[in-house]
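Good morning, and thank you for the time on today's agenda. I would ask everyone to look at the structure first, and I shall then go through some of its details.

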Amino acid sequence: MKFAVALLVVGAFGTAGAQEVPRITFSKSFPGSQPAFFLITVERTGAASYNESQDVDNAEKLQIEPRVTSEMFQMAERLDHFNKPLESGMKVANMGVKTLRWEAGGESWETKFNYSTNEDAKLLADRFEGIAECAQTLLELRRSIRHDRLGVNAVVLKIQGLWDAKRLVATGDFLPVLDQVAKDEVYIHMARERAAQIADAIRALSK
């Protein structure tokens, strides 16, 4: 059975035969929500991508911090690399179909669930949801910089909220954009000051 499952790797997740670096993939399909679909991959190196479609060319590249990456892969190991069911089977509201996939060394396992009572599954899904929120906020800030200068402050406030809640990841990807806001006087003083403070805090933490 494991051998048969390992061969089922064609589709939105790609072909596993060449996947040497261990990789976790998480997708969530929830029609009616915003976005209705997203897919995240995280490699053991921390290299990651976020995509709201199944077109790989649309993926936003990210670099996840080593501590966060290590925690995620430890959870995947405790979950037997998703080689067992995680669905609770309980009658609960539809919260979106979540798919976890493990790929490494030509092998692949996958499990889907709407709701799980497994604590590691819930924590890992929440971690991926957090990555999605950070990626969406980063993309929103870039769009605001280009098209809505007055809206930049509101997005910087979102970033501040993520930082305060200890949910901001891929901080290295945020730094250049925050620096851009902090140094450009076309943005209001409050946005520039807050962006500079967040950037300083990120750099201080990484020392």
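Predicted model: local features only at pLDDT ≥ 70, side-chain atom pairs only at ≥ 80, totals over all residues.

Beyond its neighbours within four places in sequence, Ala182 is in contact with Arg192, Ala195 and Ala196. Arg127, by contrast, is 55 residues away along the chain, and its C-alpha atom is separated from that of Ala182 by 29 Å.

Helix α5 also holds Asp179, whose partner Arg203 is in helix α6 (residues 189–206), so this pair ties together parts that are 24 residues apart in sequence. The two form a salt bridge in which the closest N and O atoms are 2.5 Å apart. Is Asp179 buried or exposed? With a relative accessible area of 16%, Asp179 is buried, because the cut-off for that word is under 20%. Arg203, at 34%, is partly exposed.

The structure holds 13 salt bridges. Another of them joins the side chains of Asp126 and Arg167, at 3.1 Å from N to O. Here distant parts of the chain are linked, 41 residues apart: Asp126 is in helix α3, and Arg167 is in the loop between α4 (152–164) and α5. Arg167 also meets Glu133 in a salt bridge, at 4.0 Å from N to O. That pair is 34 residues apart, with Glu133 in helix α3. As for accessibility, Asp126 is partly exposed at 38%, Arg167 is partly exposed at 26%, and Glu133 is partly exposed at 36%.

I turn now to the aromatic rings. The count comes to 4 aromatic pairs. One is formed by Phe26 and Phe128, which are stacked, with 4.9 Å centre to centre and 5° between the planes. Phe26 lies in strand β1 (residues 23–29) and Phe128 in helix α3 (residues 119–147), so the pair ties together parts that are 102 residues apart in sequence. Both of these residues are buried.

How are the rings of Phe73 and Trp102 arranged? Their centres are 5.8 Å apart and their planes stand at 70°, so this pair is edge-to-face. Phe73 is in helix α2 (residues 66–78) and Trp102 in strand β5 (residues 97–104), so the pair ties together parts 29 residues apart in sequence. Phe73 and Trp102 are buried as well.

One aromatic cluster is formed by Phe26, Phe38, Tyr50 and Phe128. Leu62 itself is in strand β4 (residues 60–63), and it is buried, with a relative accessible area of 6%. Phe30 is 32 residues from Leu62 in sequence, and the two are 23 Å apart in space, C-alpha to C-alpha.

Lastly, the surface. Met90, Val92 and Met95 make a nonpolar surface patch of about 240 Å². Val92 sits in the loop between α2 and β5, and at 33% relative accessibility it counts as partly exposed.

Notes:
Residues numbered from 1 in each chain as written. Heavy atoms only, no water. Contact = heavy atoms within 4.5 Å. Helix = DSSP H or I, 4+ residues; strand = E, 2+ residues; numbered from the N terminus. Buried < 20%, exposed > 50% of the residue type's maximum accessible area, 1.4 Å probe, protein only. Phe/Tyr/Trp six-rings, centres within 6.5 Å; stacked < 30°, edge-to-face > 60°. Patch = residues over 30% accessible without salt bridge, like charges linked within 9 Å, V, L, I, M, F, W, Y side chains within 5 Å. Areas by Shrake-Rupley, 256 points an atom, 1.4 Å probe, with all protein chains shown as cover.
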